Amino acid sequence: MELVKVEKNKYWVHDDWYCKYITVKTPSGDYVEFPCFRWLVDDKEVVLRDGRARLPKDDKTRLEKQHRRKELESRRKTYRWTEWQPGFPMSIDANTHKELPRDIQFDSEKGVDFILNYSKAIENLCVNQFMHMFQSSWNDFADFERIFVRIKNTISEYVMQHWKEDFMFGYQYLNGCNPVMIQKCTKLPEKFPVTHNMVADCLEREMTLEEEIKAGNIYLADYELMEDISPNSTDPCTLQYLAAPICLLYNNSQSKILPLAIQLGQTPGKDNPIFLPSDGQYDWMLAKIWVRSSDFHIHQTVTHLLRTHLVSEVFGVAMFRQLPAVHPAYKLLLPHIRFTIAINTKAREQLICEFGIFDKANGTGGGGHVEMIQKAMRSLTFRSLCFPDAIKARGVDSPEDLPYYYYRDDGNRVWDATKSFVWDVVCIYYDSDNTVQKDEEIQAFVKDVCSFGMQDLDCCEFPKSLKTREDLTEYLTVIIFTASAHHAAVNFGQYDWCSWIPNAPPTMRKPPPTQKGVVDVKFIIESLPDRGRSCWHLGAVWALSQFQENELFLGMYPDEHFIEKPVKEAMESFRQRLAEVSSAIKIRNEGKKLPYYYFSPDRIPNSVAV
């Protein structure tokens, strides 16, 4: 028995059915399962194969081959590429959530209506009373606490108490919301002329700055991507400003990361001073606030939107176009792209579109965020999505040199567990490298990602074919890790780290200072977001940090796409490894004022769905 055909008669009422699977009892008394996990829409027939995963070479009969070909032909008509903005990764050709194929829509649109969610968040957080004074400034920092009181949690409260301190500023480079900016400084860039005398009083090892650099104790965070990005001008009553700072960081004798020097623009000069911890307290505070604001923009648009959401959609669309449901890679990947295309379509509809929510409170709204993605595409390489490679490329891979970098340590453990699971599955279906090379569907999938999804950009260096089982394992690991673990690590900390607004200002209302000694508290408060923008920002970071009601976490595969025992055993050992990682993280976090749990597998949803 090869195929089962399911037809649903269409009556007057529009009644889509969701079918999980069909079990058939054969004349000999055996039961054969035909997985479906699809919507039966209108009166279109659905033809199912039994649950065993098969590569193209395993299909021997004409009927099987034909079924495989027809499925892909029809999927390619349904899942089409389009370019939402020039220079972006390609996305699905649909303008609204309603236009998406029924199989990839959300079960209910209510849960993912951003406008509804943000408004509800603003209401839940009881910050409505500030909205009618939309454009007025706060009076002082204590005033920010008034909107903050309703919604404290351990980390956000700790941030509120310590945000002015240098250790807190530095710590976030390792374990905050955007822990991907810090890199080893092997030589001071010419555009950042910091001298030993400027920072001598901060150095603790009786070495010159030059010697500290040689010893590997100096790090850099450079926001050059922000240079020449257009600030938000959608509101003529409020001018908004952006900066492209460079920050020098010091790994001190207690292995704390501390800021040494900050320049707020990329071109040195007398109107672009280098701010130092030895400056007046308000000069130094404002310089750090500007860095935090730039960090927030890079985090939202590049680390989060581009490098998890949009990249996962590319993999998802290519998968639907090139891999039939019977292919083992399709069965493996499907849970990890669940709802991703839907959430992104919704975001293009309401969030990052012209006049969308993004424009309301964000300094890069009104088009700046689009320019940022176009620029960031130049450094979006395949290698930069391989977690260990990305860590190594920034020179931060050594736990001896840089302890307490939990993002790196936990991320490596989850990467290794995922990779070893994927290797187990790959070896079940591919007995040799040759089998990988001869699988025309997996090769077409990889080519589609590079040539269409990533627009064949020279700089992206995505592979166009895979030669070995190791290549295939790494490729599939990148897809699963990006959509599950990396998204969790850079998404669910947004409320913790960004709800205290001076620590992550979504916009700035005065230009960066061009000289020292002119800034006071009033100037800083007038630079920070006004009441209305603060409320929108709070609603956004709160809504984005919530898990879905029926969230599926890494290792949970309730839909049985695979029926083979070896795969089920691989899943079981994957779950055990993940449970070990979760419990090690839990033990390490005990008694910590700043626990780090974003890479804890029991908090990593399977896919990008929020």
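Leaving out neighbours up to four places away in sequence, H309 is in contact (heavy atoms within 4.5 Å) with H304, T340, I343, N344, H487, V608 and V610. This is a predicted model, so local features need pLDDT of at least 70, side-chain atom pairs count only at pLDDT 80 or more, and totals for chains, interfaces and linings use all residues. Residues are numbered from 1 along each chain as its sequence is written, and side-chain values use heavy atoms, with hydrogens and water left out.

**The histidine site**

- UniProt lists H304, H309 and H487 under "binding site", in an unreviewed entry; its positions are given in the numbering used here, feature names are shortened, and annotations may be inferred rather than shown by experiment.
- H309 sits in helix α9, residues 281-322; helices here are DSSP runs of H or I with at least four residues, strands are runs of E with at least two, and both are numbered from the N terminus.
- With 7% relative accessibility, H309 counts as buried; buried means under 20% relative accessible area, exposed means over 50%, and partly exposed is in between (1.4 Å probe, protein chains only).
- H487 belongs to helix α18, residues 469-491, and at 1% relative accessibility H487 is buried too.
- Beyond four places in sequence, H487 touches H304, T308, H309, T482, F492, V608 and V610.
- V608 and V610 turn up in the contact list of H309 and again in that of H487.

**The aspartate pair**

- UniProt (unreviewed entry) also puts a "binding site" feature at D15 and D16.
- D15 is in the loop that runs between β1 (3-6) and β2 (17-25), and D16 is in the loop between β1 and β2 as well.
- D15 is partly exposed, at 27% relative accessible area.
- Setting aside residues up to four places away in sequence, D16 touches W39, L40, V41, D42 and R102.

- Most residues other than glycine have a negative phi, which makes the next two worth a look.
- F37 has a phi near 50°, a positive value in a non-glycine residue.
- F37 lies in strand β3 (residues 31-40) and is buried at 11% relative accessibility.
- F339 also has a positive phi, near 70°, and is not a glycine either.
- You'll find F339 in the loop between α10 (328-333) and α11 (340-350), where F339 is buried at 14% relative accessible area.

- S91 is part of strand β6, residues 91-92, and is buried with a relative accessible area of 3%.
- Not counting residues up to four places away in sequence, S91 touches R80, W81, T82, W84, E313 and R348.
- E551 is in the loop between α21 (531-544) and α22 (565-589).
- Despite being in a loop, E551 is buried, at 13% relative accessible area.
- E551 touches M556 and P605, with residues up to four places away in sequence left out.
- E551 and K25 are 526 residues apart along the chain, and their C-alpha atoms are separated by 33 Å.

**The whole chain**

- The chain holds 22 helices and 11 strands.
- For 610 residues, a compact globule would have a radius of gyration near 25 Å, and the chain's 26 Å agrees with that; the radius is taken over C-alpha atoms, and the globule rule is 2.2 Å times the number of residues to the power 0.38.
- The C-alpha trace spans about 90 × 55 × 45 Å along its principal axes.
- Of the 610 residues, 58% are buried.
- Take the contacts between residues at least 6 apart in sequence: 74% of them join residues at least 24 apart.
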